[in-house]
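Dear colleague,

Please find below the structure that I am handing over to you. My findings follow directly after it.

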Amino acid sequence: MAPRSTPPRESVEAIISRLTKTVPDYPERGISFKDLTPVFADGLALHAVVGALVEPFAGRFDAVAGIEARGFLLAAAAAYATGTGVITVRKAGKLPREVYREDYSLEYGRAALELHKGDVPAGSRVLILDDVLATGGTLSAAARLFERANVHVAGFGVVLELGELRGRAALAGHRVRSLMRL
């Protein structure tokens with residue numbers, strides 16, 4: 001399927017705003033889920049988003065990490081675009097080899113993330129990407145995983161930032177690039 005055309009002068013924020021769908025009461029009552037899959041489905045939009053996420057970190061990372069699951073899409077595209085490797089940060093219990101594990105709080109519960117030991121050489125630099133920055137729990141847990149593996153976190157890139165949840169505070173000391181704040 002050919003990508004839909006994106007107006008040539010449309011900002012990345014306008015593209016995201018135009019294509020993102022809001023799903024009320026998902027995954028539970030009272031939460032308004034921002035569905036970015038229409039952004040990812042549009043080839044020109046995905047290209048613009050990935051470019052805008054990685055540009056501020058150019059030359060500062062050796063690999064791109066994606067947080068399960070939508071972060072995988074961004075990280076794979078960014079790694080391909082920059083000629084770097086892609087690292088998957090998975091939900092607990094999904095990786096078959098020895099892992100680092102980090103428990104954390106979400107805006108609506110608790111969870112854990114895991115990272116294979118040995119997938120990223122110590123001393124490497126990683127750019128961590130995800131779709132949304134809410135409370136910062138997921139991204140700060142991912143940073144702790146990499147820090148335990150002696151990998152430097154070059155920064156974080158997210159498509160949407162939910163400002164009222166103050167997630168950026170959980171990432172203090174790290175560079176954060178969000179393409180759109182709500």
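In this predicted model, the cover over the buried residues of helix H5 (residues 137-148) includes strand E3 (63-67), strand E4 (85-91), strand E5 (99-106), strand E6 (109-116), strand E7 (125-133) and strand E8 (152-161). The buried residues of H5 are Gly137, Thr138, Leu139, Ser140, Ala141, Ala142, Ala143, Leu145 and Phe146. Buried here means under 20% relative accessible area. Since nine of the 12 residues of H5 are buried, this helix is largely enclosed by the rest of the structure.

The length of H5 was also examined. At 1.5 Å a residue, its 12 residues should span 16 Å, and the C-alpha atoms at its ends are 17 Å apart, which agrees. Just after H5, Asn150 adopts a positive phi of about 60°.

Seven strands form an open sheet in the order E5-E6-E4-E3-E7-E8-E9, and their pairing is mixed. E5 and strand E9 (176-181) stand at the edges; each has a single partner strand, so one side of each is left without a neighbour in the sheet. From one strand to the next, the twist averages 20°. Within this sheet, E7 and E8 run parallel and are joined by eight bridges. Leu133 stands opposite Glu161 in E8. Helix H3 also packs on the sheet, where it touches E7, E8 and E9, and its direction makes about 140° with that of E9.

The remaining point concerns a pair of helices. Two packed helices are described by the angle between their axes and the distance between the axes. For H3 (residues 43-54) and H4 (residues 70-82), the axes come within 10 Å and cross at roughly 75°. Angles of 65 to 115 degrees count as roughly perpendicular, and H3 and H4 are therefore roughly perpendicular to each other.

Which residues of H3 and H4 meet? On the H3 side they are Leu46, Val49, Val50, Leu53 and Val54, and on the H4 side Leu74, Ala77, Ala78, Ala81 and Thr82. By class, this contact of H3 with H4 has nine nonpolar residues, one polar residue and no charged residues.

With kind regards

Conventions. Residues are numbered from 1 along each chain as its sequence is written. This is a predicted model: local features need pLDDT of at least 70, side-chain atom pairs count only at pLDDT 80 or more; totals for chains, interfaces and linings use all residues. Side-chain values use heavy atoms; hydrogens and water are left out. Axes are lines fitted to C-alpha atoms, for helices over the stretch in contact, and angles run from 0 to 180 degrees between N-to-C directions. Helices (H or I, at least four residues) and strands (E, at least two) are DSSP runs, numbered from the N terminus. Angles under 35 degrees count as roughly parallel, over 145 as roughly antiparallel, 65 to 115 as roughly perpendicular and the rest as oblique. Contact means heavy atoms within 4.5 Å. Ala, Val, Leu, Ile, Met, Phe, Trp, Tyr, Cys and Pro count as nonpolar, Asp, Glu, Lys and Arg as charged, and the others, Gly among them, as polar. The expected span of a helix is 1.5 Å times one less than its number of residues. Buried means under 20% relative accessible area, exposed over 50%, partly exposed in between (1.4 Å probe, protein chains only). Two strands pair if DSSP finds at least two bridges between them.
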